[in-house]
2 protein chains.
Amino acid sequence: MTDAENLTVESPRRQRGGRRGRRGEAAAELKAVGPSPLRHIRNPYPPFAIFSEDEIEAIHRTSLQILEEIGIKALLPEAREIYRRAGAEVDEGEQRVRLDGALVEQSIASIPSRVRLTPRNPERWVEVGEDAIGIVTTGGPPHATDLERGRRGGTLSDFEDFMRLAQSFEIIHIIGSPVEPMDVEVRVRHLALTNAALSLTDKVPFVYSRGPQAVADSLEMIRIARGLDEAALMQSPSCYTVVNANSPLQLDVPMSQGIIDFARMGQLMILTPFTLAGAMAPVSLPGALAQQNAEALAGLVLSQLVRPGAPVAYGGFTSNVDMKSGAPAFGTPEYAKAALISGQLARRYRVPFRSSNVNASNAPDVQAAYESQMSLWSALLGGCNILMHGAGWLEGGLSASYEKFIIDVEMLQMMAAFFVPERVDEASLALEAVREVGPGGHYFGAQHTLARYDTAFYAPLLSDWRNFESWRDAGSVDATGRAHNIYKKTLADYEAPPMDPAIREELDAFIARRTEEGGADTE
Amino acid sequence: MTDAENLTVESPRRQRGGRRGRRGEAAAELKAVGPSPLRHIRNPYPPFAIFSEDEIEAIHRTSLQILEEIGIKALLPEAREIYRRAGAEVDEGEQRVRLDGALVEQSIASIPSRVRLTPRNPERWVEVGEDAIGIVTTGGPPHATDLERGRRGGTLSDFEDFMRLAQSFEIIHIIGSPVEPMDVEVRVRHLALTNAALSLTDKVPFVYSRGPQAVADSLEMIRIARGLDEAALMQSPSCYTVVNANSPLQLDVPMSQGIIDFARMGQLMILTPFTLAGAMAPVSLPGALAQQNAEALAGLVLSQLVRPGAPVAYGGFTSNVDMKSGAPAFGTPEYAKAALISGQLARRYRVPFRSSNVNASNAPDVQAAYESQMSLWSALLGGCNILMHGAGWLEGGLSASYEKFIIDVEMLQMMAAFFVPERVDEASLALEAVREVGPGGHYFGAQHTLARYDTAFYAPLLSDWRNFESWRDAGSVDATGRAHNIYKKTLADYEAPPMDPAIREELDAFIARRTEEGGADTE
């Protein structure tokens, strides 16, 4: 006999005349596994580590050497001035800042290990850091794609639809900028993005670091939506930005400005070097990670020099290029190792760790799925606290895919269920049930089963577990096709979260005024 | 700036006028990452554990209680007699055997923690146990399926094609029975299967435990192929079988016979209870695992009573059913937890651990990929030593899929590359390269890169990393479509491994004689 035999069994529901229902077609219908496992995700397991402490220390020491001996180029004069006042060696001609190890270690010691983010609906708070995980939509793609309309430049309408999807699934805690709305004029784009995020969702919004005026506008809108004054907002992280170093070893003007502005405003800044091994970083992973670490530390130091205790996170995004074409690759074995080691580095500094759910596929196909899974397992087992590009990322981040969004929601919900710890006690060990059923019996009718079967297991959103004949007779729709149907139905069923009319009015007035004033210079 | 920007980079090869090559179309062309990472896989990382030692002990104790107080039903009189002679309490009327904890612990202490399997080509030896991992094709499906011909009953021709695929990829170390050849008469089917495995591959073959005569025939063929006498074969594990308990708590006649025969012959026996939580085992995972553990221990004890030191493995196959339909599910969050906990149990006993690469999808689609990945990560991080159903399993094991075989080979190769440890030393930390390139530079031209780029990263078999336009212009073939092309090309390029003509002749004569004698009764 082999494992494949004897697979047909009868469930209590079927025995009692129930039917299988809409599995694989139902949108956003998820049976809770334990108490609210989707709203607040906690990793109950010890983080998985692939490097020894000595190996982590070797990377740490190398990155300190990089900062001391080579330094980083900081293009913003104010940033250099802040570093200089703290005792760094600044070469104004080269725009180069050299940081000694003691300054680095002392500065980052003030970083909070856990941050609570509170959006306009305070019930949607999310914590990141230590065992707490927040999941973010994808961010940044210039294109949108779905099976029906194909791949095209992103629009505000696409952006809004991704907001609606993000609002519809509990597993999405934090809003990214899922697609670039090319049809909105650049000077007012930040107003449209922030307005869509604040209107169509009540979750934690994202702010682009695209220049001080745009940041100030977005923060003002978030302040209005939360109904706080500026002093209160500064005490309560309500949004976040991502700052990418221009690897190797460079912080450009808007990025440096973003670090400074977000620290001053007490909002979360995620410092993520974009270190593609073999291109913008050494081809060897330890070297690429030493450079990533140096860049991350430089930015984190700047944030803490501006305001000790400012909420920040350590972002790891090291991957490799295809050495045959130079194309970036994601979700590779090297990517998985880099994510796990980055988590170890972030934990060494007790800083919240950001990783990503990424892939390089051109279609929402099996490559997209297995590369994403490589990313997900390495991120989440490696102690990730902020999972960016959690849902919708395709094509190395050049497209936001509607179907991939649903596929990702399913994969994320599975990981959330995996993170619900199993309780081991007399009831769950079930000796009496085993005794009752005995050799050769079955458990469907057992009291132990009947008392638990409704909530025992994760109930999928997308996976179709019907037998082949039923699946074929229903049209042989594969998982990507089902994801398409689910995203459509989710949008059809979407309901906007309520907003106080006074806040709505104030937001509209602000947007109108800033639009009339010509919006903002962006960089 | 976001992560998605600035993705186009130039590689050294392109700079030097090279071309990208046939990535995504080439069959079986894999760049080795480090020294032979595919032929002999070792897990360099500490196994990932989700239960505390106390929780593992609670499961262990519960399973001993099950064996002492409830016992197992052993349908084969010889098996009961062996247990009885060792001191077990046997109820012949109920065919029930009760084992006390001391007898269990004492018996399993003789199990080898690591086993070397040697097939007819001795260079294809594979070790399983401790940090060593052997990968097996799928086994058991009654159907074969591919994109061109659809799903149909398996044939010998399909079986042979899967043998050819298994032979073609280094990552496959051990042959399963990938599809049931329905067109071969049952009484001689074992002869055809063993002949195909021995002729079309030179890797470790599988033997079904379908009755003593069929087992004896298959072992005789394997003995002939290895050119050993029976005494030498008994000292050198050359093949394996899988014994599934008939959960709950029952060992049927052919399965018990398989345990006894394989122990006597010194060949590897993998004891795998098929404990679907909520159907053949308690709905709570700790209970299902306690029952799995009891069943596994009962079978392992029997093997060691027959021959202390007989090579065996502990199989975990606990999954859950869809409680709405009763359909078995695979690659679920519960499955992943069960695999990890099973690994902890096997390690507690220092017995090689068998897990699987499974999914419940009806198509080689994203569901198949993400469910397989859930299985793969939990198996491999959890210390799996024998990965069954490694390549080709679809539809909960009811179909062997040609495309899925290729998809799995890619996923397995990625995991093998993930298991190549990163060396941390002065060269890999690359401080001098970082100094040479400096802020704002790039690494393509660096000596450090040029010396390493050819072997630095895993080069995919199936993943397509071309940019969207190139991929679209080449026909927008998704990963499943590419897997189809790769399997076809692999079959076209296949070359049979050489076999000594004298051995060929002896095998043919044996098959002819046994066919003439009417084959074997199977059970």
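**Notes on a sheet in chain B and a helix pair in chain A**

1. In chain B, strand β7 (residues 132-137) and strand β18 (residues 386-391) run parallel and are joined by three bridges. Within this pairing, Ile135(B) is placed opposite Leu387(B) of β18(B). It should be kept in mind that the model is a predicted one.

2. Both strands belong to an open sheet of seven strands in chain B, with mixed pairing and the order β1-β7-β18-β17-β14-β12-β10. Its edge strands are β1 (41-42) and β10 (240-243) of chain B, each of which pairs on one side only.

3. Helix α9 (residues 253-265) lies across β10 and β12 (268-271), at about 150 degrees to β10(B). Helix α10 (residues 285-306) lies across β10, β12 and β14 (312-315), and runs at about 175 degrees to β14(B).

4. In chain A, attention turns to helix α13 (residues 402-418) and helix α18 (residues 479-493), whose axes come within 8 Å and cross at roughly 100 degrees. The two helices, α13(A) and α18(A), are therefore roughly perpendicular.

5. Which residues of α13(A) meet α18(A)? On the α13(A) side they are Tyr402(A), Glu403(A), Phe405(A), Ile406(A) and Ile407(A); in α18(A) they meet Ala479(A), Thr480(A), Ala483(A), His484(A), Ile486(A) and Tyr487(A). The residues of this contact comprise eight nonpolar, two polar and one charged.

Note on methods
Residues are numbered from 1 along each chain as its sequence is written. Chains are lettered from A and ligands numbered from 1 in the order in which they are written. This is a predicted model: local features need pLDDT of at least 70, side-chain atom pairs count only at pLDDT 80 or more; totals for chains, interfaces and linings use all residues. Axes are lines fitted to C-alpha atoms, for helices over the stretch in contact, and angles run from 0 to 180 degrees between N-to-C directions. Helices (H or I, at least four residues) and strands (E, at least two) are DSSP runs, numbered from the N terminus. Angles under 35 degrees count as roughly parallel, over 145 as roughly antiparallel, 65 to 115 as roughly perpendicular and the rest as oblique. Two residues are in contact if their C-beta atoms, placed from the backbone, lie within 7 Å. Ala, Val, Leu, Ile, Met, Phe, Trp, Tyr, Cys and Pro count as nonpolar, Asp, Glu, Lys and Arg as charged, and the others, Gly among them, as polar. Two strands pair if DSSP finds at least two bridges between them.
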